[in-house]
Amino acid sequence: MGSASPSAMVRLERVSKSFGSLPVLRDIDVEVKTGEVVVLIGASGSGKTTLLRCINCLEHIDRGRIYVDGVPMGVHDESGSFRPDPERLLNHKRAQIGMVFQRFNLFAHMTALQNVTLAPMMVKKLTRGQAERLGTELLGKVGLADKLHAYPSKLSGGQQQRVAIARALAMNPKLMLFDEPTSSLDPELVGEVLETMKRLADEGMTMIVVTHVMGFAREVADRICFLHEGSILEEGPPKQIFTAPRQERTRAFLSKVL
Amino acid sequence: MSYSFRFNVVTDNLGFLLAGARATILVTIAALLIGMVIGLVVGMARLSKRPYVAGPATAYIEVFRNTPALVQLIWVYYCLPILTGLNMNALISCTIALAVNGSAYLAEIFRGGIQSIDRGQVEAARTLGMSHLQTMRKVVLPQAFRRMIPPFVNESVALLKFSSLVSVLGVADLTYQAQVLSTTTFRPIEIFTFIAIVYFGLCTLLSYSARRLERRLAVSD
């Protein structure tokens with residue numbers, strides 16, 4: 001078992017990953033406390049998205065260890081040595097981590113409500129009635145009470161992304177991962193999604209967010225990590241990162257995006 | 001043109017010919033159903049990352065797509081019983097041969113349909129904790145199925161037409177009945193014109209119902 005401090009929801013220990021001969025993550029060490037909102041920033045190709053995808057094993061890490069709530073991801077302890085997780089165990093671990101994608105990835109053949117109720121019924125074995133009550137409540141919470149039976153193709157990007165957030169929340173996750181949740185939205189729709197995320201943060205959800213919206217990072221993040229070429233070059237509270245970055249590269253990046 | 005058509009040869013023997021049509025339809029449906037099951041399994045096997053699963057599936061598809069259907073039919077009917085000792089009547093041999101032939105094409109249709117589904121759909125399902133099988137069943141296949149309807153109809157029509165080959169082995173399908181009737185009545189022009197119309201009608205009906213199904217499933221577009 002990991003020796004993560006009791007309040008650490010996520011802990012990465014010397015995590016490395018390469019795509020072929022291209023290193024994308026180099027010896028990443030980072031901890032996210034329960035209830036904390038951490039925003040990952042950095043140029044494209046710096047490894048932000050890969051880092052996020054490694055946490056729920058959408059990508060496999062080459063070295064190091066990732067713990068979520070004290071449980072190692074992708075591997076389990078078998079009499080002293082780590083073995084790869086069998087599918088069932090991995091599914092169980094993934095079910096506790098919500099993920100929101102840049103391109104929403106709503107199930108195109110299902111209504112908003114069906115999108116939200118599918119996993120609770122399949123994975124948590126809720127009855128249809130229970131799942132629909134939960135789904136209705138969550139879609140109401142993200143402001144889509146009137147869109148329960150709309151198909152994704154009939155929803156705006158912002159509405160689709162809010163359905164995706166409700167879908168992730170329906171599994172009652174301990175941790176939410178956001179992979180550039182507003183990057184494929186029209187500018188006027190960004191606000192409604194960020195507002196939903198902000199509310200989630202206010203409720204105490206542990207969140208790791210990859211975003212290019214610096215305003216959101218400044219307002220909502222407890223901590224910002226700046227990634228450069230697969231390493232966390234600098235981290236700190238938003239105020240410090242935005243007003244007094246210590247690293248030259250952080251300064252150069254921020255001068256370009258702010 | 002001095003030929004005088006006498007279509008009463010058709011109307012007088014309508015029952016005889018329609019019995020053949022029934023056999024044609026039954027063989028085609030049976031071959032399609034069996035072919036779909038085999039095709040789904042082979043198609044998914046071909047998508048496997050494991051070479052010892054994907055390899056044989058690819059070989060299966062290539063063998064049955066690159067040999068003539070008539071040769072397959074005769075092979076299953078004459079050679080398979082000798083090799084295996086199984087005794088099958090012509091109807092069963094033919095259905096199996098058509099099913100196997102169709103399954104090779106259907107496997108490619110399934111594979112194409114599954115591959116056309118955006119990877120993000122799978123990732124979304126897996127991050128919610130759904131298993132590979134649940135993801136296939138609830139997310140990928142229902143969407144892939146819709147995209148597969150047009151090529152699936154093409155294959156069904158092809159199989160329906162291929163089924164006329166079973167007459168060579170003495171299965172009393174529409175073509176066989178027409179041949180029998182022609183040799184006794186000496187009216188092949190009327191008879192073969194008629195069965196061409198029947199084949200045409202059946203194929204058109206198939207395409208038409210598929211288009212309706214497609215429209216009905218299009219509610220989420």
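**Chain B, overall**

I began with burial in chain B: buried residues make up 43% of its 221 residues. I note here that the model is predicted. Next I looked at secondary structure. Chain B has nine helices and zero strands. I read its elements from the N terminus and got α-α-α-α-α-α-α-α-α. I then took the extent of the C-alpha trace. Along the principal axes of chain B it spans about 70 × 50 × 25 Å. I also checked contact range. Among contacts in chain B with a separation of 6 or more, 74% join residues 24 or more positions apart.

**Cysteines**

How many disulfides does the rule count over all chains? I got zero. I followed this up with two cysteines of chain B. For B:C79, the closest cysteine sulfur is in B:C94, 13 Å away, and that is too far for a bond. The cut-off I applied is 2.5 Å between the sulfur atoms.

B:C79 has a relative accessible area of 27%, so I list it as partly exposed. B:C94 has 0% relative accessibility, so it goes down as buried.

**Interface of chains A and B**

I turned to the contact between the chains. Chain A gives 28 residues to it and chain B gives 22. The two chains bury about 2,100 Å² between them. Of that area, 58% is on carbon and sulfur atoms. Which residues of chain A lose the most area to chain B? I found A:F107, A:H109 and A:M122, which together account for 26% of what the chain A side buries.

The rule finds three salt bridges across the interface. I looked up one of them: B:R126 pairs with A:E87, with the closest N and O atoms 3.2 Å apart.

Which elements of chain A supply the surface that touches chain B? I listed α2 (87-94), β8 (97-100), α3 (112-122) and α5 (157-169), each with at least two residues. By class, I put this side of chain A at 16 nonpolar, five polar and seven charged residues.

I went on to α1 of chain A, residues 48-55. The helix is mostly covered, with seven of its eight residues buried. I wrote down the buried ones: A:K48, A:T50, A:L51, A:L52, A:R53, A:C54 and A:I55. I also checked the backbone just after this helix. There, A:C57 takes a positive phi of about 65°.

Last, I looked up A:S46. This serine is in the loop between β3 (37-41) and α1 of chain A. Its relative accessibility is 3%, so I count A:S46 as buried. What does its side chain reach? I found the backbone oxygen of A:A43, at 2.6 Å. I then left out residues up to four places away in sequence and listed what A:S46 touches. The list holds A:V24, A:L227, A:H228, A:E229 and A:G230.

How values were computed. Residues are numbered from 1 along each chain as its sequence is written. Chains are lettered from A and ligands numbered from 1 in the order in which they are written. This is a predicted model: local features need pLDDT of at least 70, side-chain atom pairs count only at pLDDT 80 or more; totals for chains, interfaces and linings use all residues. Side-chain values use heavy atoms; hydrogens and water are left out. Contact means heavy atoms within 4.5 Å. Buried area is the accessible area (1.4 Å probe) that two parts lose on being put together, summed over both. A salt bridge is a side-chain nitrogen of Lys or Arg within 4 Å of a carboxyl oxygen of Asp or Glu. Helices (H or I, at least four residues) and strands (E, at least two) are DSSP runs, numbered from the N terminus. Ala, Val, Leu, Ile, Met, Phe, Trp, Tyr, Cys and Pro count as nonpolar, Asp, Glu, Lys and Arg as charged, and the others, Gly among them, as polar. Buried means under 20% relative accessible area, exposed over 50%, partly exposed in between (1.4 Å probe, protein chains only). A polar contact is a pair of N or O atoms within 3.5 Å; within protein, one must be able to donate a hydrogen and the other to accept it, and residues adjacent in sequence count only if both atoms are side-chain atoms.
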